[in-house]
Amino acid sequence: MNRLFFTCALVSAVFLSLPLGAGAVEIFAGPVSAKVVRVVDGDTIAVEARPWPGQIIETLVRVRGVDTPELRSSCGAEKEAANIAKDYVISLLNEGDRVELRAIAGDKYFGRVVADVGVPEKGDLSTLLLTGGYAVPYDGGRKTPFVCPSS
């Protein structure tokens, strides 16, 4: 409990200290080294980030620029596509692997960040997802709806 409180307080202090203009989105260029804790779904991973010496922050990272199908969809075909996307990311990232976060910003949902995720010796995760056909481009606005085939 104390560690969670300390982490939340630290992250809040860092983000509250950033200057924000009206409607501006503050982006931290990075890079920040992070260790993969787990793959949540095709476009979100949990990491232990090391933003500065002696500090480790566990957070969820939404991969910038992509959207993958939803695991919690009522459409069976979308759930299957979501599991395939997640399995693909798992094939690229194992627990404990290092990734590099760049262009880090707060996400529209509190409790996670959005960032470019570099996978050593493999490239940019969003590019890998797009070129593999596991994701569609996403700019943070309205999502492209998954077309569920009729039964």
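A: Strands here are DSSP runs of E with at least two residues, numbered from the N terminus. Keep in mind that this is a predicted model.

Q: OK, so which strand is Arg62 in?
A: Arg62 lies in strand β3.

Q: Is Arg62 buried or exposed?
A: Arg62 counts as buried, because its relative accessibility is 5% and the cut-off for buried is under 20%.

Q: What does the side chain of Arg62 reach at 2.6 Å?
A: The side chain of Arg62 reaches the backbone oxygen of Val66.

Q: And which residues does Arg62 touch, not counting those up to four places away in sequence?
A: Among them are Asp43, Asp67, Asp107, Arg112, Tyr138 and Lys143.

Q: Switching topic: how many residues are in the largest nonpolar core?
A: That core has 25 residues. Leu93, Leu101 and Leu125 have the most contacts inside it.

Q: Which elements each supply at least two residues of this core?
A: The strands β1, β2, β3, β5 and β6 do, and so do the helices α2 and α3.

Q: What does Leu125 touch, leaving out residues up to four places away in sequence?
A: Leu125 touches Val63, Val89, Leu92, Leu93, Val117 and Val119.

Q: Now Leu130. Where is that?
A: Leu130 is in helix α3. With 32% relative accessibility, Leu130 counts as partly exposed.

Q: Which residues is Leu130 in contact with, beyond four places in sequence?
A: Gly65, Val66, Ala135, Val136 and Pro137.

Conventions
Residues numbered from 1 in each chain as written. Predicted model: local features only at pLDDT ≥ 70, side-chain atom pairs only at ≥ 80, totals over all residues. Heavy atoms only, no water. Core = buried A, V, L, I, M, F, W, Y, C linked by side-chain atoms within 4.5 Å. Buried < 20%, exposed > 50% of the residue type's maximum accessible area, 1.4 Å probe, protein only. Helix = DSSP H or I, 4+ residues; strand = E, 2+ residues; numbered from the N terminus. Contact = heavy atoms within 4.5 Å. Polar contact = N/O pair within 3.5 Å; in protein donor to acceptor, adjacent residues only side chain to side chain.
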